[in-house]
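Hi,

Here is the structure I promised to pass on. Have a look at it first, and then read on for what turned up.

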Amino acid sequence: MDPVIFLTQILIPALWQGLIITLELVLLTAPFGLLLGVGIALGRQYGGRVLSSLCAGYIVFFKGCPLLLLLFMLYFGLPTIGIILPAFTASVIGFILCNAAYNSEYIRGAIKSIKDGQMTAAQALGMTKVQAIETIILPQALRRAIPGLSNEFIYLIKYSSLAYMITVVELSGAGKLVATKYFLYNETFLAVGIVYLALVTLTTFGVDRLEKRLAIPGMVQKSGR
Amino acid sequence: MTSEYILRIVDLHKNFGDREVLHGISFNVKKGETIVFIGPSGTGKSTLLRCINQLTEPDKGHVFIDDDEVTGCGYRISEYRQRIGMVFQNFNLFDHLTAVQNVEIAPIRVRKMKPAEARKKAMEELRRVGMQDWADHYPSELSGGQAQRVSIARSLAMDPEVILFDEPTSALDPELTREVLEVMKDLARSGMTMLVVTHEMGFARSVATEVVFMEGGQIVEQGPPAEIMKNPKHPRTREFIGKIAEH
Amino acid sequence: MDILTILAQWGPYLLGGIVVTVGLVASALVIGFVLGLPIALGQVYGSRILRTIAAVYVWFFRGLPILVLLFLFYFGIFPVLGLDFPAFVVGAVVLGLRGAAYQSQIFRGSIQSIAEGQMTAALSLGMTPWMAVKTVILPQALRISLPGWSNEYPEILTDSAVCYAIGVMELLTRTSQIVSQTYVTMPIYIACAGIFILLNYAGMQVIYKVEEKFAIPGFGVKAG
């Protein structure tokens, strides 16, 4: 087949459709993954013994369990106990649960890196612990966690590809279908790869600029991986 | 005010592990007094201050602010802390906020003041400590003395009945120390009730209503500054004052 | 059919899956090390061309999802090169190539963090650059890198499960088989998750022990 025709009439439209699904998966997951991650980090750091242990357990489970297995559980496993989720929904839920576990570790590291004196001063001024966390700790912790959180966001972009294994035709899936149909494996997958590389590179640039915009003079930004 | 004393400390005890840091401390403070605590390092003076606003919980004893009991009040401690200000050796300014934001945040969040009103009050307090021109600077951009003054303004913005100073100038160079002590002296003269832990004898001599010498977790001697510093009665006090004078 | 009967019947099959998974992980770590170190050295000490090649390699293998890499190599590259290897080999190679990309960055950071003065001192003692690297730089760099491996291992372990997509008979694939054969679903999945979590824990313990054994007094770089 004429390469140009293949490219413009088959590959690009197919990958475009897939890319849209990928973006939907990622953009739906990211905010909830962040919110849940903050919640788990706070629970782990400030919760009582029960809450803290529950959060620790959550982290151990969702970091140790492969994402693909989690997706299988949600899509193939849940129906056997009566909960039937569409593939897309199951994917998003799985991504959120996993993303939150990793996010919470970065956020907790950032929280721990803030000097004790900040919490002390806030409480001395009459703030409750909740108020202090809300106005003093979190704003600083979230800034410090940006490198780690953006790292996880990039992982999210890449691992969204696993949704194909539970029938969601996102970018990788679209590529596989085209490759299999036309026996053009190298070309197709390299094209898919280029799209991912573009996504990842763009995100890295975007995050760099975000970090600079949010930076506060003199404030330590690092919180290591 | 219903009581003669704005602050009453009754028989405070505190252990850390098997170390007894506070050994039964009791004293009373009248409104407008400036009490300066002196003594060797590590003898419980800072712990005493932290027990007053319950940042450290005493094992035994009571603290009353204006006859309201502060000890053992559980979650309501936040309310009492609004009436007791604290200035720390390391300033503890909020790094992500500018100077004026540091000062106004507690009034806005805790007292639920309107932002415009809180901003006005914050600028007033900054003016009071001479930092109004640095309102929009971040803590990292301020010198130690400037940061500490902002920290004082931050406490003042809550209109406390008492302010506790925990070695406020110990982390500062001598030149920066002076600007902070000046602010504190003004505060004392204007009638603020202050409890100050410090090594600055000059400050004690000029504005203290009473000097308390503490050692080993106990009050060894207390009295007007002239008496304690010139004519200490207790041998330990005499020894300590003698050492300080050598500087 | 109750869970215990199933486990008894399919236990050995599942255990076989564990062996394959461990094999994948071990291969990935070894290939990653053997390739990653030269790449790091190339990036720190190499010419401009070497550095560019290394940078592109790292960018490529870190930027692509593991799933796409597996498809690319299994359906595209290996066949084109005429290599007819079982899926396990492809999986191990891909995980290894990707691991090398990540590990090279860990090594690079460690090598660069060792004071330049060490290299200068070594050279002034008459060592050739290669000798200096071997006897002075690397022993320290490798120790500093250990904490980085404590991040690598869990990642490779969970990525090994993606080899399901090219039919490697590792733990997840076998779990899937058991589910489709016995129609018992959630308990088997949970058991599989439990095994992965245990493998994770066990591996981390090994890494901690290794770290402890090789620690240099005063060189305080701890993992976790």
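(Helices and strands here are DSSP runs, H or I of at least four residues for helices and E of at least two for strands, numbered from the N terminus.) Strand 4 and strand 5 (residues 68-69) of chain B run antiparallel and share 2 bridges; two strands count as paired if DSSP finds at least two bridges between them. They make a hairpin with 2 residues between the strands, and Asp66(B) in that turn has a positive phi of about 55°. Strand 4 (residues 60-65) of chain B also pairs with strand 1 (residues 7-16) of chain B, antiparallel again, through 5 bridges. There, Ile9(B) is bridged to Val63(B).

Before going further, some housekeeping. This is a predicted model, so to speak of a local feature I need pLDDT of at least 70, and side-chain atom pairs count only at pLDDT 80 or more, while totals for chains, interfaces and linings use all residues. Residues are numbered from 1 along each chain as its sequence is written, and chains are lettered from A and ligands numbered from 1 in the order in which they are written.

Chain B also has an open sheet of 6 strands, in the order 6-7-8-3-9-10, with mixed pairing. Its edges are strand 6 (84-87) and strand 10 (218-223) of chain B, each of which pairs on one side only. From one strand to the next the twist averages 20°. Within chain B, strand 7 (residues 162-166) and strand 8 (residues 193-197) run parallel and are joined by 5 bridges; Asp166(B) pairs with Val197(B) in strand 8 of chain B.

Now for the chain contacts. Counting two residues as in contact if their C-beta atoms, placed from the backbone, lie within 7 Å, 27 residues of chain C touch 32 residues of chain A. On the chain C side, helix 3 (66-80), helix 6 (129-160) and helix 8 (186-214) each give two or more residues, and helix 3 of chain C gives the most, with 8. That side has 21 nonpolar, 6 polar and no charged residues. (Nonpolar covers Ala, Val, Leu, Ile, Met, Phe, Trp, Tyr, Cys and Pro; charged covers Asp, Glu, Lys and Arg; the others, Gly among them, are polar.)

Chain A also meets chain B, with 19 residues of chain A in contact with 20 of chain B. Helix 5 (116-124) and helix 6 (129-159) of chain A each supply at least two residues on the chain A side. The largest share, 6 residues, is from helix 5 of chain A. By class, the chain A side has 9 nonpolar, 10 polar and no charged residues.

Helix 5 of chain C brings Gln118(C), Met119(C), Ala122(C) and Leu123(C) to the contact, and helix 6 of chain C brings Pro129(C), Ala132(C), Val136(C) and Ile137(C). For these angles, axes are lines fitted to C-alpha atoms, for helices over the stretch in contact, and angles run from 0 to 180 degrees between N-to-C directions.

Cheers
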